[in-house]
Amino acid sequence: MSQPYYSPSAVMASPINIPGHPSVSPTALGGSLHDRIRHRDSLSFVGAIRQPKVLHPVENEDLKLLILENISQEAVRAFQAQGFHVDHSAKAMSEDELVEKIGQYHAIGIRSKTKITERVIKAAHKLLVIGCFCIGTNQVDLLTAAKAGIPVFNSPFSNSRSVAELVISEVIALSRQLFQRAHEMRSGLWNKQSKGCWEVRGKTLGIVGYGHIGAQLSVLAEALAMRVIFYDVIPIMPLGSARQVETLAALLGEADFVSLHVPELPETINMISKEQLDLMKKGSYLINNARGRVVDIPALIEAVQSKHLAGAAIDVYPMEPSANGAPFDDQINSWASTLCQLPNVILSPHIGGSTEEAQSMIGDEVSSAVSRYLNSGTTIGAVNFPEVDLRAITSEQGDHIRICHVHNNKPGVLRQVNEILSPYNVEKQYSDSKGDIAYLLADIADVSSKDINKLRETISHTSANILTRLLA
Ligand SMILES: NC(=O)c1ccc[n+]([C@@H]2O[C@H](COP(=O)([O-])OP(=O)(O)OC[C@H]3O[C@@H](n4cnc5c(N)ncnc54)[C@H](O)[C@@H]3O)[C@@H](O)[C@H]2O)c1
């Protein structure tokens, strides 16, 4: 499942949302910060902000959340503050435990150890949403979840800063042979030397993949007076004085440090192999905090052994142990023991994004996405679902209701639903589809409490219905 990608330039172009006004694209405004501020002023919205109405499911059933794997306490408190009943545990649950318990819950929050399989989803009669409080979503059967009308949210970019900072530490540590000296000291050897040790000031950092992490790294490296060049498959507005180069070969031939920040895709597997390592400058360094299969490690071992490269830092591996305490040896990757013997090669156990700050940001982001879905039906950021949002119903619009209708993506469904809605005033609606699943959000005005249940019943009985929720 591809994850949403936002380039730094795309982030700059995100819509301006002003309550009570249609959202406005900054590009349509000319894009500059000044244009944006001028436009906000011209709307003279100050003092006219309308409060959004807090919506509740019309079933009026208390929503129950199951939060596993020691997810941040702030996230648990945020859910509780909204009136949700939260059962939380530090542990993961096995498939059998989940099958037994999941039936009573409307939402579940997990990390990577709890597997949400087809069997679990079939037992999850009330489940509305899954929050993965981590980067990946491989632990969830995304397709089965989507078919059951269950969006899955994660937090793909909350740890970008943590990775970028780790890379900066590796750049300096490699340049000063710090890990080797520290290792020698621990074995009782004093070995003070400056040969082959350099300041990073004025050196060139080549960033491959200028997305969330690459762009953060670019800013940090310039603060150290490094020159920054980058290669990316799409043209991206450079930050600061960074410069985009046309080809990977051009980057490899110019950089003193090459740092990889691309996703794992068929075209990025082994994108750094013998041919590319040969193109790197003699005495340069390779850093991989992206994905293990992006580098051909036996070729890297040769490049370090031949002293063509002065060192490397590796945080990710083609095969990684599944639990802390497990060995990292030749059984898991056939070259592991050779790699561990190399001088000036820093090896870390996939800790690029592992900081307390990143965990806390993940907690905020995923708990907000889960709450937004439960409270207002918004699916922006869902990995397996059409992404749909509507401007909030305001507190003055007391008799407005929101219809959240997940259905099979078939011709004629919208006509059917709109016929049901035709006696009412449809204030706004938006529909989108992803594969076989489509999702409609519609806000309806002036609906009596008597009509609410009738509306839900009728829409739920349409032929393509997967799930219909009404929020009032
Ligand atoms: N070590 C860790 O703990 C850790 C933590 C977070 C992310 N990561 C990994 O870091 C990598 C980058 O993450 P991100 O959040 O910056 O991703 P991102 O999607 O924001 O950026 C990736 C960039 O790579 C570019 N790209 C794609 N294919 C390319 C190619 N063939 N050549 C050059 N550029 C290409 C994209 O255009 C994009 O700009 C991912 O592989 C991610 O899984 C590792």
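Of the 64 residues in the largest nonpolar core, the ones touching the most other members are Ala107, Ile130, Cys132, Ala145 and Val152. A nonpolar core here is a set of buried Ala, Val, Leu, Ile, Met, Phe, Trp, Tyr and Cys residues joined through C-beta atoms within 7 Å. Keep in mind that this is a predicted model, where local features need pLDDT of at least 70, side-chain atom pairs count only at pLDDT 80 or more, and totals for chains, interfaces and linings use all residues. Numbering starts from 1 along each chain as its sequence is written.

**Cores**
- Domain 2 (64-157 + 357-376) and domain 4 (401-471) both supply residues to this core, so it sits between them; the domain bounds come from an automatic or database domain assignment.
- There's also a second, separate core of 49 residues, and its members include Ile213, Ile229, Val316 and Tyr317.
- Leaving out residues up to four places away in sequence, Ala107 touches Leu63, Leu65, Leu128, Val129, Gly131, Val370 and Leu374 (contact means C-beta atoms, placed from the backbone, within 7 Å).

**Overall make-up**
- The protein chain has 16 helices and 16 strands, taken as DSSP runs numbered from the N terminus (helices are H or I, at least four residues; strands are E, at least two).
- Of its 472 residues, 37% count as buried, that is, with 20 or more other C-beta atoms within 10 Å of their own, C-beta atoms being placed from the backbone.

**Five-strand sheet**
- Five strands make an open sheet with parallel pairing, in the order β2-β1-β3-β4-β5; strands pair if DSSP finds at least two bridges between them.
- β2 (85-88) and β5 (152-153) are the edge strands with a single partner each, so one side of each has no neighbour in the sheet.
- β1 (residues 64-67) and β3 (residues 107-110) run parallel and are joined by three bridges, and Leu66 has Ile108 in β3 as its bridge partner.

**Seven-strand sheet**
- The other open sheet to look at has seven strands in parallel pairing, ordered β8-β7-β6-β9-β10-β11-β12.
- β6 (residues 204-208) pairs with β7 (residues 227-231) in the parallel sense over five bridges; Ile207 has Phe230 in β7 as its bridge partner.

**Around the ligand**
- Of the 33 residues around the ligand, Gly209, Gly211, Ile213, Gly352 and Gly353 come nearest (a residue is near if its C-beta atom, placed from the backbone, lies within 6 Å).
- α7 (160-175) and α9 (212-223) are the elements giving two or more residues to this shell, and α9 has the largest share, with three residues.

Key. A residue is buried if 20 or more other C-beta atoms lie within 10 Å of its own, exposed if 12 or fewer, and partly exposed in between; C-beta atoms are placed from the backbone. Two residues are in contact if their C-beta atoms, placed from the backbone, lie within 7 Å.
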